[in-house]
Amino acid sequence: MMRGTIICHAGSCISATIPVMENTTTQVQAVTILGSTGSIGTQTLDVIAEHPRRFSVFALSALNSVNRLFKQCQRFKPRYAVIGAHCYDDLLQRFKTANLTTELLCGEQALADIASHNDVDQVVAAIVGGAGLPSIHAAVKAGKRLLLANKESLVMTGRLLLDTSKQTGATVLPLDSEHNALFQCMPSAQGFRHKTLSDAGVSKLLLTGSGGPFRQTPLDKLVDKTPDQACKHPNWSMGQKISVDSATMMNKGLEYIEAKLLFDADDDELDVIIHPQSIVHSLVQYKDGTSLAQIGRSDMRVPIAYALGYPERIESGVSDIDLTRQALTFEAVDYLRYPCLKLAISIAKDNALATVMNAANEIAVDAFLKRAIRFTQIYEIVAKTLDNSESITINCLDDVLTVDALARQRATYITSQLS
Ligand code: NAD
Ligand code: MG
């Protein structure tokens with residue numbers, strides 16, 4: 001049996017209804033993973049594989065990783081799988097040959113359907129970029145428990161997504177390691193309930209960031225950095241887009257906005273510091289001088305397991321960290337090196353401009369990965385797209401999609417002028 005309880009997190013009420021498991025050993029949770037073949041998706045399946053009596057896989061999805069999705073379906077036997085239309089016939093043939101009973105679907109509506117299906121308990125949002133938004137929106141509208149890795153959707157929708165979750169009773173649990181860390185260090189995670197960060201005794205949320213692979217690169221050499229170099233993160237193994245975002249620290253900019261929204265933080269309640277080792281995943285600082293940090297290996301299975309099992313702690317497959325082998329250092333952000341982060345912080349309160357920034361960044365990163373522009377031109381493209389954009393009030397999802405589409409057009413044009 002499950003019963004609902006209202007947990008108001010400091011500030012924005014990150015979740016409206018948190019299911020409390022009364023007998024977790026018999027309650028099998030059906031999970032949909034949107035983007036199951038990526039870095040977050042595969043690590044989620046790793047955790048699920050450790051708990052066959054606790055979780056079942058309801059549906060999986062991928063854009064075009066036919067082999068990987070096929071193998072995942074063979075192993076986890078989901079009821080549904082969704083693949084990009086151009087790969088549908090290929091994968092269907094393989095399903096038939098292997099006598100797989102998984103029903104194969106394609107298209108955006110199919111993603112929304114597997115995210116909102118009545119039989120689904122938890123939805124893991126692990127598609128990269130704005131493409132993940134419609135299915136995330138469907139999950140929230142259906143009142144699901146949403147494990148959110150896709151930060152871009154939250155940046156695009158601003159308060160809309162969270163407001164909808166309050167109306168529908170959907171629960172939003174952050175998978176992003178920093179936000180998951182903050183969530184773990186919040187008073188609410190210890191059974192307290194408060195309305196604002198200040199009421200909760202919190203003075204500041206400190207997001208940590210490693211500084212990426214170019215933290216010590218001379219500034220005049222950044223222009224020559226290649227996609228391969230940008231994707232070699234010193235601590236984390238991640239998808240290409242977030243790896244490039246980590247090199248520019250646009251990732252931390254998106255995370256700044258994500259944290260602002262999730263925890264309803266004022267400007268003076270949120271800050272970023274560099275922590276090159278990625279062991280302290282973020283901190284909550286309290287009025288009495290206490291700082292609570294979440295510490296662990298740089299392994300996404302830890303926050304994934306925390307969110308999947310919440311409010312219980314379950315095995316993630318990750319071992320304890322030996323702190324005697326690891327020096328922990330911290331430094332201030334050099335905003336000259338990371339202009340994308342500065343830009344993101346400067347527009348963080350403006351939903352429309354955040355949508356524009358995210359869209360332009362996706363276009364620019366894609367162009368960089370295709371070697372059409374230089375590393376330093378990512379910032380140029382984002383800044384120029386923002387210069388050509390106005391702030392407007394966003395009232396609904398259609399407004400978000402309109403602003404996003406227009407920004408992508410502008411950014412594509414600006415990119416074509418540079419490349
Ligand atoms: P990835 O590139 O490794 O995987 C992306 C997944 O989404 C794949 O399954 C791919 O098939 C699918 N996909 C890509 N484009 C799609 C589209 N247009 N339509 C449908 N499906 C599509 O990415 P990732 O590193 O796993 O990141 C996923 C999300 O999680 C991103 O938003 C990222 O910012 C966030 N995140 C990732 C990490 C990490 O450690 N990788 C950490 C924190 C947050
Ligand atoms: Mg992160």
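This is a predicted model: local features need pLDDT of at least 70, side-chain atom pairs count only at pLDDT 80 or more; totals for chains, interfaces and linings use all residues.
Biologist: Why is Asp176 called buried?

Modeller: Buried means under 20% relative accessible area. Asp176 has 8%, so it counts as buried. Glu255, with 1%, is buried as well.

Biologist: Now Asn358 in helix α14 (residues 351-369). Is Asn358 buried or exposed, and how do you know?

Modeller: Its relative accessibility is 0%, so Asn358 goes down as buried. Leaving aside residues up to four places away in sequence, Asn358 touches Glu152, Val155, Met156, Lys241, Leu254 and Arg408.

Biologist: And Lys77, what makes you call that one exposed?

Modeller: Exposed means over 50%, and Lys77 has a relative accessible area of 54%, so it qualifies. Lys77 lies in the loop between α2 (66-76) and β5 (80-83). Its phi is near 45 degrees, a positive value in a residue other than glycine.

Biologist: Which strand holds Ser282, and what is its phi?

Modeller: Ser282 is in strand β12 (residues 280-286), with a positive phi of about 155 degrees, although it is not a glycine. At 0% relative accessible area, Ser282 is buried.

Biologist: What makes the peptide bond from Tyr310 to Pro311 cis?

Modeller: Its omega is near 10 degrees, and the bond is listed as cis. Pro311 is in the loop between α12 and α13 (339-346).

Biologist: On to the second largest pocket. Which residues lie nearest its centre?

Modeller: Val302, Arg313, Ser316, Val318 and Asp320, out of 16 lining residues. The elements giving two or more residues to that lining are β13 (291-295) and α12 (301-309), and α12 gives the most, with 3 residues.

Biologist: How does the lining of the second largest pocket split by class?

Modeller: There are 7 nonpolar, 5 polar and 4 charged residues. The volume of the second largest pocket is about 300 Å³.

Methods: Residues are numbered from 1 along each chain as its sequence is written. Chains are lettered from A and ligands numbered from 1 in the order in which they are written. Side-chain values use heavy atoms; hydrogens and water are left out. On a 1 Å grid over the protein atoms alone, a cavity is a set of points where a 1.4 Å probe fits but cannot get out, and a pocket is an open set with protein on both sides within 12 Å along at least five of seven lines; lining residues have an atom within 4 Å of a point. Grid points are joined across faces, edges and corners, and a volume is the space filled by probe spheres set on the points. Helices (H or I, at least four residues) and strands (E, at least two) are DSSP runs, numbered from the N terminus. Ala, Val, Leu, Ile, Met, Phe, Trp, Tyr, Cys and Pro count as nonpolar, Asp, Glu, Lys and Arg as charged, and the others, Gly among them, as polar. Buried means under 20% relative accessible area, exposed over 50%, partly exposed in between (1.4 Å probe, protein chains only). Contact means heavy atoms within 4.5 Å.
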